[in-house]
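Visitor: I have a structure to go through with you. Could we look at it together?

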Amino acid sequence: MKVLSRVVRGHRPASVAKPQLTSLIDVLTILLVFLLKSFSVEGELVTISPDLRLPESTSRETPVPTVSVEIATHSINVDGAPVASTSGLVGADSLMIRALYDHLLDLSRITDTVGEPHEVTIHCDKAMDFGVIKRVMYTCSQADYADFSLLVLQEDQS
Amino acid sequence: MRSRVARRASSDVARKRALELNGVDVTPIMNMFVILIPFLVSMAVFSHLAVLRFSLPSEGDGGGVRSERQLPLTVAMTAAEIAVTRGSGILLTVTRGEAGHDYAALEAALLDLRAREGAGSDSAVIAVDDGIVFEDVVRCMDTCRGAGFGQIGLAEGTGLDRS
């Protein structure tokens, strides 16, 4: 009866609930600034294997596309294709990795640049023994891939 | 008196209602956020890649007659210490601590060395023993670059086995 009388008397319904958006806009504004800071138009020219943990460095030199030699935990890959195994390399008598050498020479033959100096970017896990890296570098230099770059992650200086 | 109070109360309510009605309309801003944020998330790069360029010392580097000062500075990394040598003489050593190699001490020592010897050559060769991990090599290269040695070569074997 009471309710009915209210309706009959034309009581206005309670005011429409409006969500408070101020804090949400604050969060979105902070997010927008953060994302604009890490926005990259160029993208990355080099793709790294998800298995690799690269070391951090203060270097700011940007990578350029070259032949990539990836020293993963179990294999050595050239441009993503496995070429040789890393097992047994540390302590081996020879510094030369024959399979890698042959593959690099084949690459030079394909591009008709045998005997010319080439650049190579080494992607290497941060926990890798230098004994493996030096054998890879020696083999690359013997195949005329002697301009080396080591791929690293930029250290955050902010 | 009573009617004046009632009038004031009703005008307060009216003012509040007007403020509510005239509040800023944030719908376009929200629309912009909804479009912009997924786009920026898709284009964001959270880890930036870089490269460290270096060369291998050429076979002719050891040849010819050179004075002690003309010989390249060698930073020899072993499991136990980092030694800075020129020719056959050891200029300084930084012993490895419990937390690893002390790169801050190495940088300070290299800066001190450069200050004593003048600017001179900016090339250094980092000689590394087997068993040193790649991360340590990169940190040593960074330390040398931080101390003003821009041209860095990488060599194997320190010849400092003191065991």
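Visitor: In what order do the elements of chain B run from the N terminus on?
Guide: The order in chain B is α-α-β-β-β-β-α-β-α-β, with 4 helices and 6 strands in the chain. Helices (H or I, at least four residues) and strands (E, at least two) are DSSP runs, numbered from the N terminus. This is a predicted model, in which local features need pLDDT of at least 70 and side-chain atom pairs count only at pLDDT 80 or more, while totals for chains, interfaces and linings use all residues. Residues are numbered from 1 along each chain as its sequence is written, and chains are lettered from A and ligands numbered from 1 in the order in which they are written.

Visitor: What percentage of the residues in chain B is buried?
Guide: Of the 163 residues in chain B, 24% are buried. A residue is buried if 20 or more other C-beta atoms lie within 10 Å of its own, exposed if 12 or fewer, and partly exposed in between, with C-beta atoms placed from the backbone.

Visitor: How many residues of α4(B) are buried?
Guide: In α4(B), 11 of the 13 residues are buried, and the helix is mostly covered. Among them are F134(B), V137(B), M141(B) and C144(B). Just after α4(B), G148(B) takes a positive phi of about 100 degrees.

Visitor: What span should α4(B) have?
Guide: The 13 residues of α4(B), at 1.5 Å a residue, should span 18 Å, and the end C-alpha atoms are 18 Å apart, which agrees. The expected span is 1.5 Å times one less than the number of residues.

Visitor: At what angle do α3(B) and α4(B) pack?
Guide: Helix α3 (residues 103-117) and helix α4 (residues 134-146) of chain B pack at about 30 degrees, with their axes 9 Å apart. Axes are lines fitted to C-alpha atoms, for helices over the stretch in contact, and angles run from 0 to 180 degrees between N-to-C directions. The two helices α3(B) and α4(B) are therefore roughly parallel to each other, a term for angles under 35 degrees.

Visitor: Which residues make that contact?
Guide: From α3(B) come Y103(B), L106(B), E107(B) and L110(B), and from α4(B) come R139(B), T143(B), C144(B) and G146(B). Two residues are in contact if their C-beta atoms, placed from the backbone, lie within 7 Å. By class, the contact of α3(B) with α4(B) has 4 nonpolar, 2 polar and 2 charged residues. Ala, Val, Leu, Ile, Met, Phe, Trp, Tyr, Cys and Pro count as nonpolar, Asp, Glu, Lys and Arg as charged, and the others, Gly among them, as polar.

Visitor: And in chain A, which residues of α3(A) and α4(A) meet?
Guide: L100(A), Y101(A) and L104(A) of α3(A) meet V136(A), T139(A), C140(A) and Q142(A) of α4(A). This contact of α3(A) with α4(A) has 5 nonpolar, 2 polar and no charged residues.

Visitor: Last one: what is F148(A) in contact with, leaving aside its neighbours within four places in sequence?
Guide: F148(A) is in contact with V120(A), I122(A), M137(A) and F54(B). F148(A) is in strand β6 (residues 147-154) of chain A, and is buried, with 22 other C-beta atoms within 10 Å.

Definitions and conventions: Parallel < 35°, antiparallel > 145°, perpendicular 65-115°, else oblique.
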